[in-house]
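Student: I am new to this structure and would like a close look at a single part of it.

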Amino acid sequence: SCTVQCKKKDGTLFYVQLESKAEQACLSGKNTMLTAVIDITERKQAQDALKKLYDELECRVNERTADLQFTNEQLHIEIIERRQAEEQVRFNESRLETLLKLGEMAEGTIKEIADFVCEELVRLTQSSIGFLGFMNDDESVMILHAYSKSVMEECTVADQLLHFPINKAGIWGEVIRKKGPLIVNDYSLSNPYKKGYPKGHVRLLRFVAVPVIQSKRVVAVATVGNKETDYTAEDVRQMKLLMEGMNEIIVRKQTQDDLKQSEKELQSLSAQLIDSQESERKRVAQELHDSVGQTLSALKFRVENILRQSGENLDHEYHQSFISLI
């Protein structure tokens with residue numbers, strides 16, 4: 001069977017359904033007159049309307065699906081951003097807690113402070129290894145003060161590396177030479193400053209090094225390495241904050257120690273001055289005592305001599321006065 005669009009004499013269109021080949025053959029000529037046909041115009045219109053509704057529905061579904069997909073993507077982005085924000089808040093709280101603990105270590109030794117900071121740097125940057133050193137006055141040598149526990153476990157030469165001459169340092173030495181942080185996220189890449197590392201040294205995949213600058217001079221350097229993901233400027237910022245906090249405590253501690261030493265020296269000098277003054281008083285007193293004693297003795301001898309020379313000729317009253325004087 002087939003559906004055919006036809007036109008009436010008055011020009012209106014209608015649809016008919018032809019069931020047999022004979023009926024279909026009748027339409028092969030022009031101006032065919034149909035006498036007995038089944039009018040399915042309403043059915044055709046209903047089908048067209050239904051198809052139109054279906055198309056509109058499908059279009060709306062597609063639009064709605066696109067809207068839902070966009071909303072879902074936005075929601076997913078918001079969830080990720082919220083998680084990142086929550087993680088950042090927890091991270092900041094953790095760093096603040098670390099700074100508070102660091103502030104409570106003011107009475108500790110520099111070694112204890114350096115060990116604590118080194119371990120916290122490794123933890124805060126999610127690294128595997130780390131070390132921390134202080135520079136000498138002319139920035140020619142870095143003296144290592146702290147290794148992370150993981151370095152001691154992985155590196156067989158860690159306990160041997162105590163001093164690093166900067167003129168022989170490899171790529172990490174650029175931190176001191178350029179007085180700025182350094183990030184290397186692929187240590188395997190060629191670099192003109194790389195000098196390799198000794199046998200038994202822990203293998204580096206990536207690392208970040210941060211200096212502490214004081215009065216235009218590098219006073220300390222911290223390095224962490226082998227994080228599972230790339231290091232970023234945020235890692236540098238976290239390291240810098242903790243290192244500066246450590247340096248403030250160490251500078252304050254050194255200032256206090258210098259002040260205590262100065263007070264001890266001042267007390268010692270004061271004691272020496274008092275001793276000197278007391279010795280001088282004794283010396284002057286001894287000199288005065290000896291001088292007056294000598295004078296009095298001379299006077300006594302003189303009076304006795306006068307008495308001997310005068311004998312009986314001296315008036316009794318004068319004689320008694322001389323006796324009292326003697």
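Which residues does Lys227 touch, not counting residues up to four places away in sequence?

Tutor: This is a predicted model, in which local features need pLDDT of at least 70, side-chain atom pairs count only at pLDDT 80 or more, and totals for chains, interfaces and linings use all residues. Residues are numbered from 1 along each chain as its sequence is written, and side-chain values use heavy atoms, with hydrogens and water left out.

Lys227 lies in the loop between β8 (217–225) and α6 (233–310); helices (H or I, at least four residues) and strands (E, at least two) are DSSP runs, numbered from the N terminus. Leaving out residues up to four places away in sequence, Lys227 touches Thr125, Gln126, Ser127, Arg206 and Asp235, where contact means heavy atoms within 4.5 Å. Thr125 is 102 residues from Lys227 in sequence, yet the C-alpha to C-alpha distance is 7.6 Å. With Asp235, the side chain of Lys227 forms a polar contact of 3.0 Å. Such a contact is a pair of N or O atoms within 3.5 Å; within protein, one must be able to donate a hydrogen and the other to accept it, and residues adjacent in sequence count only if both atoms are side-chain atoms.

Lys227 counts as buried because its relative accessible area is 9%; buried means under 20%, exposed over 50%, and partly exposed in between (1.4 Å probe, protein chains only). Of the 326 residues in the protein chain, 28% are buried. Leu296, in helix α6, is exposed, with 53% relative accessibility.
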